[in-house]
Structures are given as structure tokens and as C-alpha cells.
Amino acid sequence: MDSYLVNEIFYSLQGEGVRSGTPNLFLRFSRCNLTCKAETHGFDCDTEFESGRRMTLDEILAEGRALSAACTWVVLTGGEPALQVDRELIDRFHAAGYRLAIETNGSIVLPEGIDWITVSPKVAEHAIRQRTAHEVKYVRGHGQAIPKTVVQAEHHLISPAFDGAEVEPRTLDWCIRLCKENPPWRLSVQQHKLWKVR
Ligand code: SF4
């Protein structure tokens, strides 16, 4: 691809999942192929992914280096990053010394070569196309059942739905109960929201 539609690039700590707490450059792509709503998904999408600017790989890499010369991990996120991530991008980042993680809704098969895959399904199980991952993570609101996932992953995560910057105590209690009753599912709270970082 000549250029990519990028919403933003920033440097922060990963707040979710098994890699929680690690420093990463976040490359957030514009656009998504879904529209998640409380009525259909148990939560409203709170991510702005409409705006963006066209950037070449050289420009993306230069901006990443300017944000941190030391960081060696990049999280590809969105929107839905699988709409744009291709082998050229993966190879260029690897050649520049980075390792790549991705957070995808699972509705599009990913190209080979990504170092850490998080599938967070937002479609029915039969519509999930990316069926292997390092971790699979489901957002759950109060009363929603434990998933029966088709994704093969080493780590199985339940993420309590947030209401803005807060998680309701009853939602958290519900998700804790789901994990206790259904190992190996485990809890993954969006800690970056509690830490008040990006
Ligand atoms: S898949 Fe993610 S980014 Fe896309 S609408 Fe759903 S929550 Fe928002």
C-alpha cells in the first residue's frame, strides 16, 4: 500500500490483556467494518475512528521513533486495523527492529507475521474469520453469558464493559463471577482507563 489512513500514533502502556503494563507505540488506524451498539453487542463503541490522515510507512516509522527511540513494540489498533495492515507494513516494521501486536475484531483474516494477536470478537462466532490468536478477549456487560468461542488461543480473557471512564461495580462483579465459574477464562480490566493514560 502506498499510504495508510492513520487516526493517531501515540506512546503509552498497554492497559489490557496478558501484555498489560508494557510500554508500546500505538498505531491507531482509521475506519472500522462494524458498528458496535449496546443493543446488539452489550456496549457502545467509544472509539473515534472516522478521522485520519494519509501517511506513508516512512512517515509512520519516523513519527514512532520521534515519540520513543527506546520502545520496540508497536500495537496495531483501530478502528479495525485488519482493513489496512499488510505484509509490506509488517516487513518494514520488523526490518526496523520492532515487534508487532494487533487488536482485531476477528472478522478479517490477518496477514502472516504478526508477533502477538489479540482477537476481540464483535461478530457472531460463525462470522469470525481469524480463528487463531495468542489471546481472545470478549467484552461482557452485566448478565451476558460466558462465550463459546471458535478462536483457538492460549489465553482467554473477559473484559468488563466500561461506561465512559468507569466500570459499574455490578458489571465487574458479574465478570469476576463468570471467570470463577469458567476457568480458564480470566479477568482483563481496561486498566489504562483507571490509570488515566491513553
Ligand atoms: S469493532 Fe471495535 S472499533 Fe469497530 S465499532 Fe466495534 S468496538 Fe468500535
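Q: What's the volume of the largest pocket?
A: About 1300 Å³. A pocket here is an open set of points on a 1 Å grid over the protein atoms alone, where a 1.4 Å probe fits and protein lies on both sides within 12 Å along at least five of seven lines. Its volume is the space filled by probe spheres set on those points, which are joined across faces, edges and corners.

Q: Before I go on, what kind of model is this?
A: It's a predicted model, where local features need pLDDT of at least 70 and side-chain atom pairs count only at pLDDT 80 or more, while totals for chains, interfaces and linings use all residues. Residues are numbered from 1 along each chain as its sequence is written, and side-chain values use heavy atoms, with hydrogens and water left out.

Q: Ok, back to the largest pocket. How many residues line it, and which lie nearest its centre?
A: 49 residues line the largest pocket, and Glu16, Asp46, Thr47, Gln190 and Lys193 lie nearest its centre. To count as lining, a residue needs an atom within 4 Å of a point.

Q: Which element gives the most to that lining?
A: β1, with three residues. At least two residues each come from β1 (4-13), β2 (23-29), β5 (99-104), β7 (132-140) and α5 (191-195). The helices (H or I, at least four residues) and strands (E, at least two) are DSSP runs, numbered from the N terminus.

Q: How does the lining of the largest pocket split by class?
A: 15 nonpolar, 17 polar and 17 charged. Nonpolar covers Ala, Val, Leu, Ile, Met, Phe, Trp, Tyr, Cys and Pro, charged covers Asp, Glu, Lys and Arg, and the others, Gly among them, are polar.

Q: And how much space lies in the second largest pocket?
A: About 210 Å³. Its lining divides into six nonpolar, three polar and three charged residues, including Phe43, Lys122 and Tyr138. β7 gives the most to the lining of this second largest pocket, with three residues.

Q: Switching to helix α4: which of its residues are buried?
A: Thr171, Trp174, Cys175, Leu178 and Cys179. Buried means under 20% relative accessible area, exposed is over 50%, and partly exposed is in between (1.4 Å probe, protein chains only).

Q: What do the buried residues of α4 pack against?
A: β7, β8 (152-160) and β9 (186-187). The face turned away from that buried side carries exposed Pro169, Arg170, Asp173, Lys180 and Glu181.

Q: Cys175 then. Buried or exposed?
A: Buried, at a relative accessible area of 0%. Leaving aside neighbours within four places in sequence, Cys175 is in contact (heavy atoms within 4.5 Å) with Arg140, Ile158, Pro160 and Leu187.

Q: New topic: which residues does the cis bond with omega of about 15 degrees join?
A: Gly78 and Gly79. Gly79 is in the loop between β4 (73-77) and α3 (87-95). The peptide bond from Pro183 to Pro184 is also cis, with omega near 10 degrees, and Pro184 sits in the loop between α4 and β9.

Q: What's phi of Arg31?
A: Near 80 degrees, a positive value in a residue other than glycine. Arg31 lies in the loop between β2 and α1 (38-41), and is partly exposed at 37% relative accessible area.

Q: And where is Lys196?
A: In the segment after α5. Lys196 has a positive phi of about 60 degrees although it isn't a glycine, and it counts as exposed at 64% relative accessibility.
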